[in-house]
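Subject: A structure for you to look through

Hello,

Here is the structure I promised to pass on. Please open it beside this email and follow along.

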Amino acid sequence: MALAQARLVAALLSGQPREPTIVPLSTSGDRWGGSLARLGGKGAFVKELDRAQLDGEVDLVVHCLKDIPGDVPLPDGLTIAAYLPRDDVHDCVVGARLTDLPSGARVGTSSVRRAAQLRRLHPRLTPVPIRGSANGRLAKLDAGEFDALILAVAGLERIGEQRRVAQILTTTQMLPAIGAGVLALQCRVDDAATLAAARDLDDASTRACVTAERALLRELRGHCHSPIAAHCTDSDTGLTLHAAVYSTDGADLLEAGDRGSEPDKLGVAVAGELLAGGARTLIDEIPH
C-alpha cells in the first residue's frame with residue numbers, strides 16, 4: 001500500500017527539476033505483529049518517518065491522513081504541505097456481504113471505529129483484530145483465517161484489488177474515519193523546493209474538509225483507541241460535518257452535525273455538541 005501510494009505521488013511530481021526517487025522505509029510499526037496499543041498506537045507508524053525526514057534521509061513523506069494521530073502535533077520543522085483530492089471514503093466488506101454471513105462469523109478489522117459500528121450494525125457477527133498490509137490481510141482471508149474483512153475502498157483501489165469488494169457500506173451504515181480517503185504530503189518547513197512542488201498538488205476543498213474533521217478530533221482529544229468517526233463534505237452551500245462517538249461495544253452512540261464556512265470553527269462547534277451530550281465521559285472510559 002505505502003509503495004503504491006508513493007508511486008502515485010511520484011508520478012504526480014514527475015517533470016520537476018529534481019525527479020522524485022522512492023525511498024522505501026520500514027518502521028517498527030510495520031514489523032510489529034502484536035497490538036498497536038502496546039507499541040504506542042498509530043503513532044508507531046509515523047514517529048520513525050518523522051525522524052528520517054528531519055534527518056534528511058527523505059524529503060517528502062506520503063501518509064494516509066487517517067493514520068496520522070489527531071492527539072499528537074507534528075514535530076517542529078515538519079508540515080503537511082498538501083492534501084490530494086479525496087478518494088472514496090467508504091468502507092467495504094471483502095469475502096461476503098454482511099447479511100450473508102452466519103451468526104458468529106469472524107470479521108477481520110484493525111479499526112476500533114469499524115468494530116464498534118459492526119457490533120452495532122450486526123451484533124451477531126464477531127469483529128476480530130487483524131494486522132498487516134492490505135495484501136497480507138487478503139491472504140489471511142483466502143487462507144480461511146477470517147470469514148470476511150472490512151477494508152477501505154480507497155486502499156483496495158490503490159493496490160488494484162477493488163474486484164475483491166463484496167459490499168460497499170454506506171456512510172449511514174459505517175461513518176468513515178477522520179481523514180478517510182486522503183493522502184497527505186508531509187515536508188520539512190525549510191525545504192522550499194519540495195514545499196513548492198507539493199503545494200501545487202494541494203486540493204483546497206479536501207483541505208477544508210479534513211481541517212474541519214481534525215479540528216473536531218483535536219477538540220474531543222480523541223486517541224487511537226477512540227471509536228470516533230466523522231465525514232465532512234463541501235458543496236456550493238458550504239461545509240457539512242457529521243460526526244459520531246461510540247462505545248467500544250457499539251451500545252452507546254452520540255451523534256452531531258452542523259454546517260459552516262470556516263473549517264476550524266465548524267469542527268470545534270460539532271465537537272462541542274458531542275461534548276455537551278457526554279462524549280468526554282465516553283472517550284475517557286476507554287484506556288489508552
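Below are my notes on its sheets, helices and salt bridges.

First, some ground rules. This is a predicted model, so local features need pLDDT of at least 70 and side-chain atom pairs count only at pLDDT 80 or more, while totals for chains, interfaces and linings use all residues. Residues are numbered from 1 along each chain as its sequence is written, and side-chain values use heavy atoms, with hydrogens and water left out. Helices (H or I, at least four residues) and strands (E, at least two) are DSSP runs, numbered from the N terminus.

Start with the open sheet. Three strands form it, in the order β1-β8-β2, and they pair antiparallel. Two strands count as paired if DSSP finds at least two bridges between them. β1 and β2 are at the edges with a single partner strand each, so one side of each has no neighbour in the sheet. From one strand to the next, the twist averages 35°. Five bridges join β2 and β8. Look for Ile80: its bridge partner in β8 is Gln186.

Helix α1 (residues 2-13) lies across β1 and β8. It runs at about 130° to β1. Such angles run from 0 to 180 degrees between N-to-C directions, and the axes are lines fitted to C-alpha atoms, for helices over the stretch in contact. Contact means heavy atoms within 4.5 Å.

Now go to helix α3 (residues 47-54). Leu49, Asp50, Ala52 and Gln53 are buried there. Seen down the helix axis, the buried residues of α3 fall within an arc of 165°, so they line one face. The arc is that of the directions from the helix axis to the C-beta atoms. What do these buried residues pack against? They pack against β1 (60-64), β2 (78-83) and β8 (183-188). Just after α3, Gly56 takes a positive phi of about 85°.

A word on terms: buried means under 20% relative accessible area, exposed over 50%, and partly exposed in between (1.4 Å probe, protein chains only).

Next, find strand β6 (residues 148-152). Four of its five residues are buried. Strand β3 (residues 91-94) runs antiparallel to β6, with four bridges between them. Strand β4 (residues 106-108) pairs with β6 in the parallel sense, over two bridges.

Last, the salt bridges. How many are there in the whole structure? The search finds 15. A salt bridge here is a side-chain nitrogen of Lys or Arg within 4 Å of a carboxyl oxygen of Asp or Glu. Here are some to check:

- Asp55 and Arg51: the closest N and O atoms are 3.5 Å apart. Asp55 is partly exposed at 49% relative accessibility, and Arg51 is partly exposed at 48%.
- Asp67 and Lys66: the closest N and O atoms are 3.7 Å apart. Asp67 is partly exposed at 27%, and so is Lys66, at 28%.
- Arg280 and Asp284: the closest N and O atoms are 3.1 Å apart. Both residues lie in helix α10 (residues 279-284), four residues apart, about one turn of the helix. Asp284 is exposed, at 51%.

There is also a network of salt bridges. It links Asp59, Arg188, Asp190 and Asp191.

Best wishes
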